[in-house]
Every structure is written in C-alpha cells, then in structure tokens.
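Let's take a walk through this model together, one group of contacts at a time. Keep the viewer open as you read.

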Amino acid sequence: MKYLSSLLGLLILVCFQLLGEACTKFFKLPLPGPVLGMFFLFLSLFAIKPLYNLLSFPSHFLLRRMSLFFIPAGVGIMTLLDRIQAELLPLLSILILSTLITLVVSSYAFHVIPKKEKAHD
Amino acid sequence: MIEWSSLFWLALTILLFQVFTWIFHYFKRFPLLQPVALSIALLVVCLLMFKVEYNTYFEGSRLLHYLLGPSTVALAIPLYEKRAKLFSLWKPLAFSLFMGSLFGILSALAVGKIFGASLLVLKSVAAKSVTTPIAIGITDKVGGDISLTAVMVIATGIFGAIAGLTFLRYFPFKDEEAQGFAMGMACHGIGTARCFQESVELGTFAGLAIGLNGLTTALLLPLIFRLLGL
C-alpha cells in the first residue's frame with residue numbers, strides 16, 4: 001500500500017513539474033519549470049489537505065537522496081578541466097568572497113527587521 | 001537499448017555514492033568528506049583513465065539526472081512542514097531572503113568581473129548559493145554550463161559548512177534564527193546539514209532558506225542578467 005501510494009505521489013510530483021514547465025513555456029517565463037512547480041505545490045498543500053499525506057513519503061525519499069541525482073551533471077566537469085585551470089583564481093575568489101558576503105548580508109538583514117510580536121496568542 | 005558500458009557507469013555511480021555515504025557517516029559527517037564531491041572526483045578520474053567519453057557516461061546516468069525535476073518540486077514539502085515558523089517570522093525572513101539572494105548574485109558577478117572571469121563562468125556561477133537542482137535549472141535558462149554550476153554549488157556548500165559558522169562568530173548577530181537562515185541562504189543543503197550538527201533551531205532555519213532562496217534567485221537572476229545586459 002505504501003509503495004502504491006508512493007507511485008501515486010511520484011505521479012503527482014511529475015504532474016506539478018509538468019504544470020510548471022508548461023506555464024514557463026506558455027508565458028515565456030525565465031523561471032525553471034520545476035521551481036514554478038514547487039511554488040504551485042506549496043500553495044496546493046494549503047488548499048488540498050490530503051495531498052500532504054500522499055506526498056510526504058515519496059518527497060522525503062527523493063530529498064534524502066537528492067545529492068545522488070546531481071552526480072551526472074557534476075561529472076560533466078571533466079569536459080571543462082582546461083577552463084577551470086585557466087580561471088581558477090576567479091572561481092576560487094567567487095567561491096570564498098561571495099559566500100562570506102552572502103552570509104553576512106543575510107544574517108544582518110534578518111537582524112535589522114524587528115520580529116513580529118507574539119503577544120496575542 | 002542502453003549499451004552495457006553506459007549501464008556499468010550508472011551502477012558504479014550508485015555504488016560509489018553509497019560507499020562514500022557510509023564513509024561520511026562513519027567519520028561523523030565531516031564536511032570535506034561530502035559523498036557527492038568524492039563520487040564526482042573519483043568518477044572523473046576513472047572516466048579519464050579509461051578514456052571514456054562523457055556522453056557514454058551520461059547516457060546511462062541520465063536516469064538519475066531526470067529525478068532532479070521531481071526532487072525540486074518535492075522541496076515544497078519541507079517548506080510546508082515549517083509553515084508555522086515561516087508565518088510567525090515572515091518580515092525578517094522576507095527581508096533577509098531578498099537581500100541575501102540579491103547580494104549572493106551581485107557579489108558573485110562583481111568578484112568574478114574583478115578577477116577576470118569569462119562570461120560563461122559568470123553565467124554558470126551566479127546561482128552558486130542555491131540548492132543544486134534549482135541552480136542547474138537557473139543556469140540552463142541563462143545559458144551557462146550546468147556541470148560547472150553543479151561543481152561550484154557543491155564546493156560553495158562544502159566551504160560554507162567548514163568556515164561559515166566560525167566566520168559568523170566575528171559578527172554581532174548571535175541569534176540562531178539569523179545565523180541558521182544565513183547558512184541556508186549562502187550554502188544550501190550542505191550548510192543546513194552542518195547547522196543541524198549544532199542545534200535543531202539552527203538547522204530548521206537553514207532548511208527554510210533552501211527552497212525560499214531557490215525560488216527568489218530563480219526570479220531575480222534572469223532579471224539582473226537582463227538589466228546588466230549579460
């Protein structure tokens with residue numbers, strides 16, 4: 001039963017991806033289809049309550065193994081070794097500086113806005 | 001039909017990832033032993049050694065690549081599970097999200113420009129702080145190289161996981177909400193895993209940033225590229 005519903009869950013995930021892809025194609029949005037699909041699914045979870053129970057298991061199954069899925073793309077780096085060697089300095093600089101800048105800006109921005117008071121409930 | 005050699009590489013990919021995952025857990029999730037990074041490195045070495053074309057490799061492992069789409073959609077589930085935190089702190093979250101995403105993109109482009117990066121590199125690394133499947137989607141849209149993106153995103157995650165929290169200690173924003181969220185903003189899932197080693201609160205806020213930054217950067221990045229005329 002669990003596996004049958006997982007298959008149904010996978011079907012629903014693929015349908016949301018399809019919906020996202022179709023919308024980005026149709027409206028010529030510069031957004032990746034699956035990202036729009038994620039957004040649609042997030043909204044749908046509030047509207048259709050049983051959706052969560054159906055998707056919880058297959059989603060966590062995929063997410064726990066997600067890093068396996070980007071190995072094929074990552075291995076493509078073998079075709080770019082010359083380029084990396086030539087641009088090692090900019091790549092390393094971006095890696096270090098931009099990551100640290102993002103960390104500081106994000107935590108500072110989070111800090112400057114006063115949190116909503118939770119006084120009422 | 002898939003050729004047997006393609007199928008062999010698919011099997012080897014899954015096997016290596018599993019073995020490196022065991023090693024990673026054995027060494028208490030030390031960030032430098034990231035299974036995905038070690039798997040990619042070893043696979044590249046093997047492919048080069050045996051003079052196998054990347055196309056042959058990708059032919060078989062494409063099966064795994066296709067699961068990136070549904071996995072991206074599935075990111076809505078953890079976001080939904082944390083909706084209470086999302087709504088109670090929506091103001092600081094929204095501001096941090098916007099600023100972090102904007103500066104993440106702009107700082108990558110600026111630093112790259114200063115150090116003389118080519119246009120292809122700029123296009124491929126601008127989304128480096130976003131979770132890999134989304135970063136790949138974004139890079140594909142702006143015409144960068146998705147392999148460079150995948151490697152850069154993973155490297156960013158590893159660097160952030162090792163140095164991020166220590167670096168943040170030198171700044172006066174000590175609350176776990178801000179630090180956790182910043183870690184998720186800058187170094188996605190790998191940074192989040194590192195946060196969970198410290199505390200659940202830190203990890204939860206980092207996890208919140210993964211999907212949100214993916215969505216925000218997917219919206220902002222093409223816009224910025226258009227404005228800058230890249």
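Predicted model: local features only at pLDDT ≥ 70, side-chain atom pairs only at ≥ 80, totals over all residues.

Start in chain A, where A:Arg83 and A:Glu87 form a salt bridge whose closest N and O atoms are 3.3 Å apart.

Now move to chain B. Here B:Arg194 pairs with B:Glu198, with 3.1 Å between the closest N and O atoms. Both residues belong to helix 11 (residues 176-198) of chain B and are four residues apart, about one turn of the helix. B:Arg194 counts as buried because its relative accessibility is 18%, under the 20% cut-off. B:Glu198, at 44%, is partly exposed.

The side chains of B:Lys85 and B:Glu201 also meet in a salt bridge, at 4.0 Å from N to O. This pair links distant parts of the chain: B:Lys85 is in helix 6 (residues 83-88) of chain B and B:Glu201 in helix 12 (residues 200-228) of chain B, 116 residues apart. Both ends are partly exposed, B:Lys85 with a relative accessibility of 31% and B:Glu201 with 28%.

What about the place where the chains meet? There, 101 residues of chain B are in contact with 74 residues of chain A. About 7,700 Å² of area is buried between chain B and chain A, and carbon and sulfur atoms give 83% of it. Across this interface the rule finds zero salt bridges, but it does find 13 residue pairs in polar contact, both residues being at pLDDT 80 or more.

Aromatic rings come next. One aromatic cluster is formed by A:Phe42, A:Phe46, A:Tyr52, B:Tyr80 and B:Phe87. One of its members, B:Tyr80, also has B:Arg83 over its face, at 4.0 Å from the ring centre. In chain A, the charged end of A:Arg65 sits over the ring of A:Phe61, 4.0 Å from the centre of that ring.

A search of the whole structure finds 14 aromatic pairs over all chains. Among them is the edge-to-face pair of B:Phe8 and B:Trp9, 5.2 Å from centre to centre and with 75° between the planes. B:Phe8 is partly exposed at 42% relative accessible area, while B:Trp9 is buried at 6%. B:Trp9 also pairs with B:Tyr57: the ring centres are 6.5 Å apart and the planes lie at 70°, so this pair is edge-to-face. Because B:Trp9 lies in helix 1 (residues 4-26) of chain B and B:Tyr57 in helix 3 (residues 54-65) of chain B, the pair ties together parts that are 48 residues apart in sequence. B:Tyr57 is buried, as is B:Trp9.

Finally, a look at the backbone. Most residues other than glycine have a negative phi. B:Arg29, however, has a positive phi, near 55°. B:Arg29 is found in the loop between helix 1 and helix 2 (35-49) of chain B, and is partly exposed at 41% relative accessibility. B:Lys51 has a positive phi too, near 50°. B:Lys51 lies in the loop between helix 2 and helix 3 of chain B and, at 73% relative accessibility, counts as exposed.

Technical notes: Residues numbered from 1 in each chain as written. Chains lettered and ligands numbered in written order. Heavy atoms only, no water. Phe/Tyr/Trp six-rings, centres within 6.5 Å; stacked < 30°, edge-to-face > 60°. Buried < 20%, exposed > 50% of the residue type's maximum accessible area, 1.4 Å probe, protein only. Helix = DSSP H or I, 4+ residues; strand = E, 2+ residues; numbered from the N terminus. Lys NZ or Arg CZ within 6 Å of the ring centre and 35° of its normal. Contact = heavy atoms within 4.5 Å. Buried area = accessible area lost by both parts, 1.4 Å probe. Polar contact = N/O pair within 3.5 Å; in protein donor to acceptor, adjacent residues only side chain to side chain.
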